[in-house]
Amino acid sequence: MSSETNNRNNNEIHEQFVIPTIYLDDEEGNQDAAALRLRSACMDVGFFYLERHGVPSELLSRVLAASKAFFHLPVVEKAKLTDPILNRGYTHLGEETLDPRNQPVKGDTKEGFYIGRDVPSTSEKFNTAKLTGPNVWPTPEYCSSWTEIQCEDFRRTMQQYFDAMSTLGLKVVQQLALAIGLPTKHFFDKSFAEPMAMLRLLHYSSEPSCPMQGVFGCGAHSDYGMITLLLTDDQRGLQIFTKEQKWVDVPPRNEAFIVNLGDMLERWTNGLFRSTIHRVLIVGDAEDSNKNQNDCQFKDRYSIPFFYEPNFDTEVRCLEECCKDREPRYPPTTSGKYLLQKYEQTHADFSPR
């Protein structure tokens, strides 16, 4: 959501840059000091590492392993697991194009698998117009490479992780409320009673990125919602576009989440907190961007972002605390309306009803 600049297309600039680290258990100590640290990270960078978050390391390892195993299934089996109406299940390589202006030839060199809140089609809350419904899960009927036990283990692992991340997402939002300066950390709680939470498994192919030719692991974009909590393997590739208009690396960190703010939080705070543009380049094992690609070893990359967004009908309007000194920069919108518009712009297969 940050403004586009000509410098954004300068792909030769890479500097050492310190991504802030936030410890979730700081809330048990000096809340004011913790809120100030988080506020600084949100205003200056829009990204931070989250440590001491309470999600077991065993679960992190298990969900990464399950994701990798899924993407090793034959394409013909994965392709059966899709629901373009609810934006669930499998998305093929190139299906998403996050930066159409700079990706005129092909989409992102990644494939994905979407998992949301699992709402049965028989539930009174089932509503395709609000992207509320059942997930698409592997079964032996569609994935003959897996046994019933393997399918059940995959589903169980993803549901456990989804629940853990939903709990963590609310805790982070509550700390953000304090960082904004709102009267209570529970200010946003009602807006996340039925959050539009989405877990997405991602597999980036080993195809080298070439920005000058419009080839990206993931095109430059800002995230659309409130916050994203990213779990990733040990392969680098994530880059952010700083306030100084330079691309910098965000190295992976074991057992830490990489958290970034989305457009809705920037709108709520009237631009005080940054929804930072970021991208993924598959650059291999080069120590710097100038190393000859012929000398590099390129590997597949796996990451798992968890998107934690407000209820579908939540109004997103400039908070009073953020409009005292200047007029609102963004018109009011709703969570669902904004997300649907963005999905339609970037997903080739998305077919809402």
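Visitor: Is Phe 70 buried or exposed, and what is its relative accessible area?

Guide: In this predicted model, local features need pLDDT of at least 70, side-chain atom pairs count only at pLDDT 80 or more, and totals for chains, interfaces and linings use all residues. Residues are numbered from 1 along each chain as its sequence is written, and side-chain values use heavy atoms, with hydrogens and water left out. Buried means under 20% relative accessible area, exposed over 50%, and partly exposed in between (1.4 Å probe, protein chains only). Phe 70 therefore counts as buried, with a relative accessible area of 0%.

Visitor: How many aromatic pairs are there?

Guide: Rings of Phe, Tyr and Trp (its six-membered ring) pair if their centres lie within 6.5 Å; planes under 30 degrees apart count as stacked, over 60 as edge-to-face and the rest as tilted. Under this rule, the number of aromatic pairs is 15.

Visitor: Which angle separates the planes of Phe 70 and Phe 113?

Guide: The centres of these two rings, Phe 70 and Phe 113, lie 4.6 Å apart. The pair is classed as tilted, and the angle between the planes is 50 degrees.

Visitor: How far apart in sequence are the parts that Phe 70 and Phe 113 tie together?

Guide: Helices (H or I, at least four residues) and strands (E, at least two) are DSSP runs, numbered from the N terminus. Phe 113 is buried at 0% relative accessibility. Because Phe 70 belongs to helix H2 (residues 57-71) and Phe 113 to strand E5 (residues 110-116), the pair ties together parts whose separation in sequence is 43 residues.

Visitor: Which ring lies under the charged end of Arg 52?

Guide: A charge sits over a ring if NZ of Lys or CZ of Arg is within 6 Å of the ring centre and within 35 degrees of the ring normal. Arg 253 lies over the face of Tyr 49, at 3.8 Å from the ring centre. For Arg 52, the distance to the ring centre is 4.0 Å, and the ring is that of Tyr 23.

Visitor: Which strands stand at the edges of the sheet?

Guide: Two strands pair if DSSP finds at least two bridges between them. Nine strands form an open sheet of mixed pairing in the order E1-E2-E11-E8-E13-E6-E5-E4-E3. Each edge strand has a single partner, so one side of it is left without a neighbour in the sheet; these strands are E1 (21-23) and E3 (82-83).

Visitor: What is the bridge partner of Thr 228 in E13?

Guide: Strand E8 (residues 227-232) pairs antiparallel with strand E11 (residues 257-261) over four bridges, and Thr 228 stands opposite Asn 260 in E11. Six bridges join E8 to E13, also in the antiparallel sense. There the partner of Thr 228 is Phe 307.

Visitor: How many of the residues of E8 are buried?

Guide: Ile 227, Leu 229 and Leu 231 point one way from E8, while Thr 228, Leu 230 and Thr 232 point the other way. E8 is mostly covered, and the number of its six residues that are buried is six.

Visitor: At about which angle does H4 run to E8?

Guide: Contact means heavy atoms within 4.5 Å. Axes are lines fitted to C-alpha atoms, for helices over the stretch in contact, and angles run from 0 to 180 degrees between N-to-C directions. Helix H4 (residues 148-180) lies across strands including E2 (47-51), E5 and E8, and its angle to E8 is about 135 degrees.

Visitor: What separation do the C-alpha atoms of Arg 274 and Phe 47 have?

Guide: Arg 274 lies in the loop between helix H5 (263-268) and strand E12 (278-280), and is buried at 13% relative accessible area. Arg 274 and Phe 47 are 227 residues apart along the chain, and their C-alpha atoms are separated by 8.5 Å.
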